[in-house]
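Reader: I would like to learn how to read a model of this kind. Please take one feature at a time.

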Amino acid sequence: MEGPFNRTSQPSGTTRRTALGLVLGAPLLGACAGMQGFNSFGSQADAPAGPPQEGVAVGTGQVKVGLILPLSASGNAGVAAQSMKNAAEMALAEFQNPNIQLLIKDDGGSPQGASQGTQQALGEGAEIILGPLFAVSVPAVAQLTRARGTSVIAFSTDSSVAGRGVYLLSFLPESDINRIIDYAAGTGKRSFAALVPDNAYGNVVEAAFKQAVGRKGGRVIAFEKYGADRATAARTVAQSLGQADALLIADDGDSVVATADALTAAGSNLRNIQLLGTGLWDNPRVFASPALQGGLYAAPDPAGFRGFAGRYRAKFGAEPVRTATLAYDAVALVAALARTQGPQRFAPETLTNSSGFAGIDGLFRFRADGTNERGLAVMKVTTGGGQPVAGSPKSFGA
């Protein structure tokens, strides 16, 4: 596919990632398994831990890039932020002679901190802002950047905070749902049922699920949301499963297992229906569940993260959090754009190029509305972990 990114840049080190025309330095939280302390929309679950860390500048390039992370937040939020900071610095080190300087600011996990950090970065000449992580902080950043025509690449998975000039480089539930429904329809599934949590994540899944089924000419046989009373919703859906070809259970690992157990208790034989899920199924509890064996879910091809995690361990002596690849890809992207795109490097028309980019987790592209589309694999649940049954696409369709 032809486009303005038909160039390559060779990173230092041993790995090379080709994009659709752009190489990036080497796509509920939607697919962030094991990250307790965050809900699916990247809202903070921990209180700020202490005073903000001092800002630091990394790199000596001429193009200034702000990076806003909750480094001083307590618990898992701070752990994730430090891992993402490490990944950002790793991307800078692996990209050959990047012409960027990272201005890293600690927002403490609060909108006020994000606003202050963004003001500092912009005052120091930042041409683009990477971050923040939490949805609640994105509007505070956008209020400052939009006034200056500066683009933001944020890490929240709440698509409601995306918009003009604010792009999300996260794993959005919509991408998971579109991929798994498209795949199921392609294998002949026409009648669908779903069980989802009665929360913000479930609302997003509901809209995406119904749109995706309709787009494929399918039928929604049953759709139920559950709160604390999971068993009642499971019994209602169980009565309709005889008419359905596939059942979507969209929730995190522990809840997916509990929902499958509730369906079994309600008399469902889950071996008789194709189970479908999202990237949150990438969880040891799911793989260990007898009821979920053979279930299919959409997620990034795990090979990319495995390679990244190996290099991260060698450099930092620790395991990266799953969201660390977002920070790596964001820095690699801006380094590549700074090298190849001249004065328009971070303009909306550059960031929304339809050919997209290739990162650690495969293809991704930004839409004009600030959301993203990812090229995801389809994985099958086995006792040995997720096994690919359909690879990630090599290019986006027209």
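Reader: Where do I start, and what is the mean pLDDT of the chain?

Author: Start with confidence, since this is a predicted model. The chain has a mean pLDDT of 88, and 87% of its residues reach 70 or more.

Reader: Over which residues does pLDDT stay under 50?

Author: That applies to residues 1–41. The model has 148 contacts beyond four places in sequence for this stretch.

Reader: How many helices and strands does the chain have?

Author: The secondary structure comes to 11 helices and 16 strands. Of the 398 residues in the chain, 59% are buried. The accessible surface is about 14,900 Å², and carbon and sulfur atoms account for 47% of that surface.

Reader: How do I read a pair of helices, and at what angle do the axes of α1 and α10 cross?

Author: Take the distance and angle of the axes, then the handedness, then the residues in contact. Helix α1 covers residues 75–94 and helix α10 covers residues 324–340; their axes come within 7 Å and cross at roughly 35°. The crossing of α1 past α10 is right-handed. On the α1 side, the contact is made by Ser83, Met84, Ala87, Ala88, Met90, Ala91, Leu92 and Glu94. On the α10 side, Ala324, Leu326, Ala327, Tyr328, Val331 and Ala332 take part. By class, this contact has 12 nonpolar residues, 1 polar and 1 charged.

Reader: Which residues does Ala154 contact, leaving aside neighbours within four places in sequence?

Author: Ala154 is in contact with Gly131, Pro132, Val138, Tyr167, Leu168 and Leu169. Ala154 lies in strand β5.

Reader: Why does Ala154 count as buried?

Author: Ala154 counts as buried because its relative accessible area is 0%, and the cut-off for buried is under 20%.

Reader: What about the backbone angles: what is the phi of Asn97?

Author: Asn97 is not a glycine, yet its phi is positive, at about 50°. The residue sits in the loop between α1 and β3 (100–106).

Reader: Is Asn97 buried or exposed?

Author: Asn97 counts as exposed because its relative accessibility is 65%, and the cut-off for exposed is over 50%.

Reader: Which residues does Asp251 touch, not counting those up to four places away in sequence?

Author: Asp251 touches Pro197, Tyr201, Tyr226, Arg230, Val256, Leu280 and Trp281. Asp251 is in the loop between β9 (246–249) and α7 (253–265). With a relative accessible area of 10%, Asp251 is buried. The C-alpha atoms of Asp251 and Val205 are separated by 9.6 Å, and the residues are 46 apart along the chain.

Technical notes: Residues are numbered from 1 along each chain as its sequence is written. This is a predicted model: local features need pLDDT of at least 70, side-chain atom pairs count only at pLDDT 80 or more; totals for chains, interfaces and linings use all residues. Side-chain values use heavy atoms; hydrogens and water are left out. pLDDT is the predictor's confidence in each residue, from 0 to 100. Contact means heavy atoms within 4.5 Å. Axes are lines fitted to C-alpha atoms, for helices over the stretch in contact, and angles run from 0 to 180 degrees between N-to-C directions. Helices (H or I, at least four residues) and strands (E, at least two) are DSSP runs, numbered from the N terminus. A crossing is left-handed if the near helix is turned anticlockwise from the far one by less than a right angle, and right-handed if clockwise. Ala, Val, Leu, Ile, Met, Phe, Trp, Tyr, Cys and Pro count as nonpolar, Asp, Glu, Lys and Arg as charged, and the others, Gly among them, as polar. Buried means under 20% relative accessible area, exposed over 50%, partly exposed in between (1.4 Å probe, protein chains only). Accessible areas come from the Shrake-Rupley method with a 1.4 Å probe; for residues, only the protein chains shown count as cover.
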